[in-house]
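Please keep the sequence and the structure in view while reading.

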Amino acid sequence: MFQVSVAPGNASLRTEGTREGITEGMRVMASSKRAGNDFGFQFSAMASVCEVRIARLGRRKAEQLARLAIDEVRRIECKFSRYRAASVVSRINAAAGSGRPVDVDAETAGLIDFAARLHGLSDGLFDITSGALRKAWDFRAGRLPRADAIEALLPLVGWNKVVWRGARIELPLQGMELDFGGFGKEYAADRAASLLQERGVSHGLVNLGGDIRVIGPRPDGQPWQLGVQHPRERDRLLAEVPMASGALATSGDYERYFELDGARYCHVLDPRTGWPVTAWRSVSVVAPACLAAGALTTVAMLKGTDALPYLAAQNVGYLAVDQQGQLHQREAALTLN
Amino acid sequence: MKKAMPLWAACVVALAGCSSAPPQAWEKGSLAQPGMAMGSDPLGERYSQHIYTSKENASGGYGVGGGGCGCN
Amino acid sequence: MKRALQRKKFALVPAHGKGAVVLAALSLPGVWVAPAHAESAPDNGVIAFRYLHYEDSQPGLKRIKVNSPSLYLMTPIGPQWAVEGSAVVDSLSGATPRWQSSVSSASVMHEERKAADIKVTRYFDRASYTLGVSRSKEHDYASNALSLSGSWSSADNNTTWNLGVGGSSDKIDPTGGGFSGDTRDQKKNTVELIAGVTRALSSTDIVQFNLTYGSGHGYYDDPYKALDVRPDNRKQAALLGRWNHHLLGDQSTLRTSYRFYRDNFGIDAHTLQGEWVKPVTAALTFTPLVRLYSQSAADFYADARVDASGFPVLPALQPGQLNSGDQRLSAFGAVTLGLKTEYKLDAAWTVDLNLEAYEQRSNWRIGGSGSNGVDPFRARFVQLGASRKF
C-alpha cells in the first residue's frame with residue numbers, strides 16, 4: 001500500500017522530473033510544528049492509513065466533527081466492501097446467477113449509475129465487473145495465473161452483461177462479481193469532506209490512504225502541500241501538489257504487484273484481456289471531487305498510451321510517470337477557489 | 001458620446017459572446033485570481049480617485065464615505 | 001476591436017465528453033456541497049504603506065507638487081469581524097491659478113492635509129455590514145464623514161447586491177478670507193447613496209454596476225479664485241460599469257470600466273478606463289493602463305477671453321449671478337497612460353511601483369468642442385507601495 005504524507009508546509013522537495021528522467025531528490029525537511037488550531041486525527045479504514053485534518057476550530061469541536069467524518073467513512077466501508085458479508089455489494093454478488101434481481105437504495109443506485117456512465121465514457125475500460133478476475137491473480141504468492149484460468153473468467157466480466165434497471169440489479173451468471181474498490185475510497189473521502197464542510201469546517205482535508213479531498217486551505221490561507229508517493233522509492237516523494245480545494249488521487253503499479261523475470265504485474269487488470277496494464281508507473285489526477293479523480297486515475301492506467309489526451313479532454317490536471325521514469329504533467333485549467 | 005458608442009457596443013457584444021453559464025462552485029478558481037477582484041488595491045485606488053476628483057469634475061461610482069477636502 | 005472578438009477565448013463549458021466524468025461525480029449527493037459562507041472575514045490581515053509623489057504643470061509654469069505618505073491596516077477579528085483603517089498626510093506646495101490658467105505669485109502656498117478613517121465590518125452567512133468614520137483636516141478645510149453600507153450575496157454566490165449611504169459635514173474657513181477677503185466659516189453638508197450589483201457571469205468574467213447619487217447644500221465656491229460664485233446646492237449622479245475578464249491562456253486579466261456622470265452644474269462626463277494585469281513570472285506582474293476622460297463645461301463657466309494686449313478679461317457680474325473661471329469646470333478631454341509593476345518578494349510581502357502620466361486638453365473633448373483659451377494641463381504621478389499579509 002503506498003503512503004502519501006501531507007507535509008505541513010516546509011518540505012522542500014519540488015516537482016521532480018526532467019527530460020532526462022527523475023533526478024536525485026533534495027533532502028526533505030518536514031516541519032511537524034503546527035501553529036494554532038490545526039488537528040490531525042489518524043485512523044485506519046479500507047485497509048489504509050487515513051487522516052482527517054481540521055483547522056481553525058477549537059479542539060473539542062474538531063474532535064466531535066472528526067468523529068462524525070470517521071463514522072461516515074466506516075459506514076461507506078461497511079456498506080460497499082465486498083469483503084464484508086453484510087454489505088450491499090456482497091448481497092448482489094451472492095445473488096449472481098440465481099435469476100433474482102436485488103433492490104438497492106438511492107445511494108447505491110447513484111454509484112452504480114456513475115460506474116455505468118464511466119464505463120461508457122472510458123470505452124468500456126472502467127468496468128466494475130472486472131473484480132471476478134481477482135480469482136486468477138494471486139499477488140501475495142507472486143505467481144502468474146494458469147493459462148486457462150483467465151479464459152474461464154473472462155466470460156464473467158463485462159458491464160454490458162449486467163441487468164441494471166430502475167433500482168434493481170442482476171448479475172446473470174454465477175461467479176460474476178461487482179467491485180466498488182475502484183472508487184469506494186474516493187467516494188468516502190468526498191462524503192466525509194462534504195459532511196465536515198456543511199458543519200462549518202472551512203480549513204482542512206480528508207486523506208484516505210493517499211486519496212485526498214481538500215475542504216479548504218491551511219489556516220494561514222496558503223494551500224496544503226500534498227505529497228505524491230514516488231513510484232519506485234518507498235521513502236521519497238515524487239512531487240508536491242499545492243492545493244487549497246479539490247481532490248487528488250493516485251493509482252500506480254506499485255500498490256499491489258509482483259515481479260517475475262524482470263516484468264512487473266500490478267493489480268490494475270484490463271477487463272478485456274484479464275492481464276495487468278503496463279504503460280504507467282503512476283498516474284495522479286487533480287479534479288474537483290475525489291470520486292472523479294480516482295475514477296480517472298484508474299481509467300488512465302487502463303488507457304495506456306492514450307491516457308494523457310483523454311485526461312486533457314476531461315479537463316483535469318494530472319501528473320503521470322511512464323515506464324522510462326519520465327514525468328508528464330498538466331495544470332488543471334479550472335482550478336478551484 | 002458618439003465616438004464612445006461603438007466601443008461600448010463592441011464590449012457588450014463581446015460580453016454576450018462569453019460563455020453565458022454562471023459558474024458552478026468548482027469553476028470559480030479564475031475568479032479568485034488577485035487581478036479579478038473589483039477593489040484589489042484600496043490605497044492605490046484611493047489616491048487615483050482623489051487625484052481625479054481634484055483635477056476633474058466627475059466623481060463617484062465607487063463607494064460612499066470618503067469625506068471631502070479642499071483640494072485644488 | 002473585431003480582431004479581438006475573433007480571437008477571444010470562450011470560457012471552458014463542458015461539452016459532450018469534455019469534463020463529463022467530473023460532472024457525473026459532482027452530481028452525486030454528498031460528493032460536493034457549495035460552501036455555506038458567502039461572506040466571511042478575510043483569512044489574512046494586511047498592513048500597507050504607500051507613497052505618492054505628484055507634480056502638475058501647464059505650459060511654461062510648474063504648478064503643484066504633492067508628497068503624500070499613507071498607511072493602511074486591515075485585520076480580521078475572528079471569522080465574523082474585520083477592522084480597516086488608514087491615515088494619510090498630503091503635503092502640497094506650489095501655486096494654483098486665480099483665474100483660468102494665470103498664476104499670480106501671491107497664490108503660492110504650502111498646505112498640509114491630514115486624514116484618517118476607520119471601518120468596521122460585521123460578517124454574516126450571506127451578508128455583511130460596514131460602518132465607517134472619516135476625518136480630514138487642513139488649515140482651511142475640515143471634513144467629517146460617516147457611512148453605512150451593506151452587501152448581500154445570492155445562495156450560489158454569483159450575485160452580490162450592495163447598498164450604502166454616507167454623509168459628510170464640511171467646514172471651510174479660507175486663509176485671509178479668500179480672494180474677496182471676507183469669506184469665513186462656511187459650511188457644506190452632503191449625503192450620498194450608492195446601489196450596486198456585482199455578478200459572476202462565467203468562470204472568467206465578473207461585472208459590476210453601481211449607481212451613486214449625491215446631494216449637497218452649502219458653500220461650493222472656490223474661495224481663492226476671482227469671481228467664483230457657484231450654486232449653493234449640488235446634485236450629482238454617476239453610473240459605473242466595470243468588467244473584469246480573465247484570460248486563461250496567459251493567466252492575465254483585462255479590466256475595463258465606463259462611468260457616466262451628470263450633475264446640476266450642467267456637467268456631463270464620461271470616463272473610460274482599461275488596464276491589463278499581466279503576470280510575467282510567478283512574482284512579477286505588469287499592469288499597463290489607459291484612461292480616457294471627457295467632460296462638458298458647467299453652465300456658469302466663463303470662457304477665457306483676452307483683450308487686445310493679451311490680458312484676461314474678467315466678466316462683469318450681476319448680483320447673485322453664477323460664474324466661475326475654474327479650469328476644472330471647463331469642457332475638456334484627458335488621457336492617462338500608466339504602468340504598474342508589482343513584485344512579490346515572498347508569501348507575505350509585495351512591493352509595487354506605479355507611474356502615470358496625465359494630460360488634459362480642451363480640444364480632446366469627445367462629443368463637443370472644448371472651452372477656448374485654456375492651456376493644456378499635465379500631471380505626473382508616481383506611487384510606491386509595500387504591503388505585508390499577516
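Predicted model: local features only at pLDDT ≥ 70, side-chain atom pairs only at ≥ 80, totals over all residues.

Helix α5(A) runs over residues 184-198. From its first C-alpha to its last it reaches 21 Å, close to the 21 Å expected at 1.5 Å a residue. After the helix comes Gly200(A), which has a positive phi near 100°.

Helix α5(A) has a partner in chain A, namely helix α1, formed by residues 59-80. The axes of the two helices come within 9 Å and cross at roughly 150°. An angle over 145 degrees counts as roughly antiparallel, and α1(A) and α5(A) are therefore roughly antiparallel to each other. The crossing in which α1(A) passes α5(A) is right-handed. On the side of α1(A), the contact is made by Leu65(A), Leu68(A), Ala69(A), Glu72(A), Val73(A), Ile76(A), Glu77(A) and Phe80(A). Helix α5(A) contributes Gly184(A), Tyr187(A), Ala188(A), Arg191(A), Ala192(A), Leu195(A) and Leu196(A). By class, the residues of this contact comprise eleven nonpolar, one polar and three charged.

The account now turns to chain B. This chain has 72 residues, of which 44% are buried, and it contains two helices and zero strands. Helix α2(B) covers residues 42-55. Which residues of α2(B) are buried? They are Leu43(B), Arg46(B), Tyr47(B), Ser48(B), His50(B), Ile51(B) and Lys55(B). Among the elements that cover these buried residues are four from chain C: β1 (46-58), β2 (61-77), β3 (81-95) and β16 (377-389).

It remains to consider the contact between chains B and C as a whole. How many residues does each chain bring to it? Chain C supplies 81 residues and chain B supplies 49 residues. On the side of chain C that touches chain B, the most is given by strand β10 of chain C (residues 233-247), with seven residues. That side of chain C consists, by class, of 37 nonpolar, 33 polar and eleven charged residues.

Definitions and conventions:
Residues numbered from 1 in each chain as written. Chains lettered and ligands numbered in written order. Contact = placed C-beta atoms within 7 Å. Nonpolar A, V, L, I, M, F, W, Y, C, P; charged D, E, K, R; others polar. Expected span 1.5 Å × (residues − 1). Axes fitted to C-alpha atoms, helices over the stretch in contact; angles between N-to-C directions. Parallel < 35°, antiparallel > 145°, perpendicular 65-115°, else oblique. Left-handed = near helix turned anticlockwise from the far one by under 90°. Buried ≥ 20, exposed ≤ 12 C-beta atoms within 10 Å, placed from the backbone.
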